[in-house]
Amino acid sequence: MLTPGKRGPTVAVLAFDGMSVFETGIVTEVFGLPRPEFGVPWYELTICAETPGPIRIVGGATLHTGRGLDTFAAADTLIVPGVPDIESDPSPALVAALRRARQRGARIMSICSGAFALAGAGLLDGRRATTHWRYADALRRRHPAVEVDADVLYIDDDILTSAGSAAGLDLCLHVVRLDHGPSIANAVARRLVMQPHRDGGQAQFVEAPVAADPEDARVARSMDWALGNLTEPITVDVLARRAHMSARTYLRHFARATGTTPIRWLIDRRVHASLALLETTRTPIEAIASAVGFETAVTFRHHFGQTMRTSPSAYRKAFQTAG
């Protein structure tokens, strides 16, 4: 049980005039709700604003906070959930607050267009970062020193950024996983009725004309079969036969439905299937590679590194230490 009076790390989220409350709601749901059942000091959440007082939000309502940038800059974790205008620079006061927090070692993260504020403060120069796919080109144009990757749900490159709004949940769960280990992060995910690790990136959500087609259902069924048979030697021809299509037709429908290729999708699924084994067991890497369908541990390590930007051993060490 949690020791009475023991305080958890502080989290501050920035509110701004004209905002949608969805991103702030994500942060509140993960960091703001008390969770005494976990037996660890949970987070202390504060909503801040550049100017304390009433803040107009989408829908005609008003949010009121008495906390300003001093409180925001002093938190252990600072979250910028969006900006009012991606074509405008963050205010000098916000830039100063972010830089103060960075200098003292605070964790700084953004959701969706909040990356523009971090970039405007110079915190993302020379780093990988992401934002909503609709804003990626603008982020590249306005901040050429940032290495923008629009194909992922979130990036942890010391400073943390996430893609479109819902990807903020993935990033927040990642933070819980870092702080409290995979068991607690997975428990929070279950309470949110979401996957602890959401597979794939933003490409699957980019707008594209998709016509209603019964063949798409056959592709979906072949993907379901593949997920249940990851240890099998699965090729495009195998999947196409499961969908009763030619390989060429299958590739076309698969790309239209997912924004990627069957083999790339399969590799990602196999990598993500390995995460729980790395987080919660001492199973040798070679055995994990086989258990999720890779022919060799060398192939597993290669694809794991490309997908997760770390090695299986380093991932295991980080999360088993955190747990």
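Predicted model: local features only at pLDDT ≥ 70, side-chain atom pairs only at ≥ 80, totals over all residues.
Residues are numbered from 1 along each chain as its sequence is written, and side-chain values use heavy atoms, with hydrogens and water left out.

Helices (H or I, at least four residues) and strands (E, at least two) are DSSP runs, numbered from the N terminus. Two strands pair if DSSP finds at least two bridges between them. Strand E1, residues 10-15, runs parallel to E5, with three bridges joining them. E5 also runs parallel to strand E6, residues 107-110, through four bridges. There, Thr77 has Arg107 as its bridge partner. To get from E5 to E6, the chain goes through helix H3, residues 92-103, in a right-handed β-α-β crossover (with the strands pointing away from you, the path from the first strand over the helix to the second runs clockwise).

So which way do the residues of E5 point? Thr77 and Ile79 point one way, Leu78 and Val80 the other, and all are buried (under 20% relative accessible area; exposed is over 50%, partly exposed in between, with a 1.4 Å probe and protein chains only).

Now the cysteines. Cys48 is buried, at 0% relative accessible area, and Cys112 counts as buried too, at 7%.
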